[in-house]
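This briefing concerns a pocket and a helix that contributes to its lining. Please consult the sequence and structure shown below.

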Amino acid sequence: MQVEHIGIAVKNCNDANQLFEKLLGTAPYKAEKVESEAVNTSFFHVGNTKIELLEATSENSAIAKFLEKKGEGIHHIAFEVADIHAEMERLRSEGFQLLNEVPKRGADNKLVCFVHPKTANGVLVELCQEIRE
């Protein structure tokens, strides 16, 4: 449907928040700990999309491994989808490798699924759908 957010791996959310506040001219609207991914997140609105800062809370998390290998920077791009289950099935049928078999709860009240970068020209792609209670 649209780019939902761009995820940026950072070593320290507090320091990065200060930098991005200056850069974007606005404060983060939300901070959240996501236990399942072992990250702290901060979100900034930028027009119709968002910037998500991701700080590892465990040395075994995917973000910690990313930071160790590549340093701070863009980690993923997320696309909003209307039906995450249907989109996952469509991508599987097109030959994309998904990193999870079923969607899981992510930050910002979303169901999420990731597409393996090896099948997306080196880009980690996140699918996300608003959780409807």
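How many residues line the largest pocket, and which of them lie nearest its centre? In this predicted model, the lining comprises 34 residues, and those nearest the centre of the pocket are Ala 62, Ile 63, His 75, Phe 114 and Leu 124.

**The largest pocket**

- The space in the largest pocket amounts to about 750 Å³.
- Its lining is made up of 16 nonpolar, eleven charged and seven polar residues.
- At least two lining residues come from each of the strands E1 (2–10), E3 (39–46), E4 (49–56), E5 (73–80), E6 (104–105) and E7 (110–115), and likewise from helix H2 (62–70).
- H2 makes the greatest contribution to this lining, supplying six residues.

- Ile 63, Ala 64, Phe 66 and Leu 67 are the buried residues of H2. These residues lie on the same side of H2 because they span an arc of only 160 degrees around the axis.
- In general, an α-helix has 3.6 residues a turn, so residues three or four places apart point the same way.
- Lys 65, Glu 68 and Lys 69 are exposed and are carried on the face of H2 turned away from its buried side.

How values were computed
Residues are numbered from 1 along each chain as its sequence is written. This is a predicted model: local features need pLDDT of at least 70, side-chain atom pairs count only at pLDDT 80 or more; totals for chains, interfaces and linings use all residues. Side-chain values use heavy atoms; hydrogens and water are left out. On a 1 Å grid over the protein atoms alone, a cavity is a set of points where a 1.4 Å probe fits but cannot get out, and a pocket is an open set with protein on both sides within 12 Å along at least five of seven lines; lining residues have an atom within 4 Å of a point. Grid points are joined across faces, edges and corners, and a volume is the space filled by probe spheres set on the points. Helices (H or I, at least four residues) and strands (E, at least two) are DSSP runs, numbered from the N terminus. Ala, Val, Leu, Ile, Met, Phe, Trp, Tyr, Cys and Pro count as nonpolar, Asp, Glu, Lys and Arg as charged, and the others, Gly among them, as polar. Buried means under 20% relative accessible area, exposed over 50%, partly exposed in between (1.4 Å probe, protein chains only). The arc is that of the directions from the helix axis to the C-beta atoms.
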